[in-house]
Amino acid sequence: MVLEINKLSKSFGGIVALKEVSLEVSRGEVLAVIGPNGSGKTTLLNLITGVYVPTSGEITLGGKRIDGHNSAEICTSGIARTFQNIRLFKQLSVLDNVLIGFNHAFKSSLANVLGKGRRFREEEKTFREDAAKLLEVVGLRGKENVVAQSLPYAQQRLLEIARALATQPQVLLLDEPAAGMNSEEIAHLIQLIKTLRQTGLTIILIEHIMDLVRGVTDRVIVLSYGVKIAAGSFEEIERNQEVIEAYLGKGAAKTC
């Protein structure tokens with residue numbers, strides 16, 4: 001298993017946001033976490049990425065515990081994420097936003113960077129080429145020099161994915177990546193996730209758009225009031241009466 005979570009809990013004062021949630025994710029697997037608003041989905045991602053420290057429980061990445069580590073350490077260990085609210089350097093170019101994701105990989109000394117020495121120039125050239133390749137993967141080829149904030153909303157989401165990929169993660173966490181997208185853009189995102197899965201990347205996504213969940217996931221887990229109430233294939237989840245009552249509702253629609 002790439003990522004293992006064992007009886008993970010998080011409380012804020014007297015409020016229990018997550019209660020003894022356990023899950024395992026294999027290499028190359030796409031796992032969806034669904035549930036109504038306030039069910040603990042984003043809290044789970046914040047615990048995995050070190051934004052929050054667990055009240056109890058363990059998180060293991062590649063056999064090593066990471067719970068309690070800070071976000072920078074966890075990113076370096078191999079977990080990257082995107083956010084519900086896009087977090088880009090909006091005044092920078094599209095290419096420069098992706099280059100920031102490669103910061104961890106620069107080996108040049110501070111003096112070499114400040115003096116723009118030979119090693120730094122060589123590294124920068126390599127990472128610019130790699131960043132351009134990632135932009136092609138997500139569908140932003142030709143947008144390298146565009147200012148990030150001028151991109152359409154859906155393309156800004158793709159840029160955030162490209163920047164996360166630049167950190168060379170083992171596990172990619174996507175928090176509502178299809179929010180604000182139309183059907184054509186969602187279809188593109190579905191194909192992108194399938195492409196990333198083929199590289200062996202493990203993906204955990206939070207999503208409300210069931211067409212996306214149905215189209216890309218190997219397994220789905222459902223949270224309700226911070227508790228995992230179901231796990232299985234999308235088809236199994238879709239038929240689960242407890243899930244229908246807690247989340248999808250009677251006469252479930254494609255989006256929730």
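A residue counts as buried under 20% relative accessible area, as exposed over 50%, and as partly exposed in between. The exercises below concern a predicted model.

**Exercise 1.** Find the aromatic pairs of the structure and classify each by its geometry.

*Solution.* Step 1: a search of the whole structure gives two aromatic pairs. Step 2: in one of them, Phe-12 and Tyr-52 have ring centres 5.1 Å apart and planes at 75 degrees. Planes over 60 degrees apart count as edge-to-face, and this pair is accordingly edge-to-face. Phe-12 belongs to strand β1, whereas Tyr-52 is in the loop between α1 and β4, so the pair ties together parts 40 residues apart in sequence. Step 4: Phe-102, at 3% relative accessibility, is buried, and Phe-127, at 11%, is buried.

**Exercise 2.** Identify the residues whose charged ends lie over the rings of Phe-12 and Phe-83.

*Solution.* Step 1: over the ring of Phe-12 sits the charged end of Lys-10, 5.3 Å from the ring centre. Step 2: over the face of Phe-83 lies Arg-87, at 3.9 Å from the ring centre.

**Exercise 3.** Describe the four-stranded sheet and the helix that lies across β1, β2 and β4.

*Solution.* Step 1: the sheet is open, its order is β2-β1-β4-β5, and its pairing is antiparallel. Step 2: β2 and β5 are the edge strands, each pairing on one side only. Step 3: β1 and β2 are joined by seven bridges; Leu-3 has Val-25 in β2 as its bridge partner. Step 4: helix α1 lies across β1, β2 and β4, at about 115 degrees to β1.

**Exercise 4.** Compare the span of helix α6 with the expected value, and state how many of its residues are buried.

*Solution.* Step 1: α6 has 13 residues and spans 19 Å from first to last C-alpha, close to the expected 18 Å. Step 2: of these 13 residues, 11 are buried, among them Leu-158, Leu-159 and Ile-161.

Key. Residues numbered from 1 in each chain as written. Predicted model: local features only at pLDDT ≥ 70, side-chain atom pairs only at ≥ 80, totals over all residues. Heavy atoms only, no water. Helix = DSSP H or I, 4+ residues; strand = E, 2+ residues; numbered from the N terminus. Expected span 1.5 Å × (residues − 1). Buried < 20%, exposed > 50% of the residue type's maximum accessible area, 1.4 Å probe, protein only. Pairing = 2+ DSSP bridges. Contact = heavy atoms within 4.5 Å. Axes fitted to C-alpha atoms, helices over the stretch in contact; angles between N-to-C directions. Phe/Tyr/Trp six-rings, centres within 6.5 Å; stacked < 30°, edge-to-face > 60°. Lys NZ or Arg CZ within 6 Å of the ring centre and 35° of its normal.
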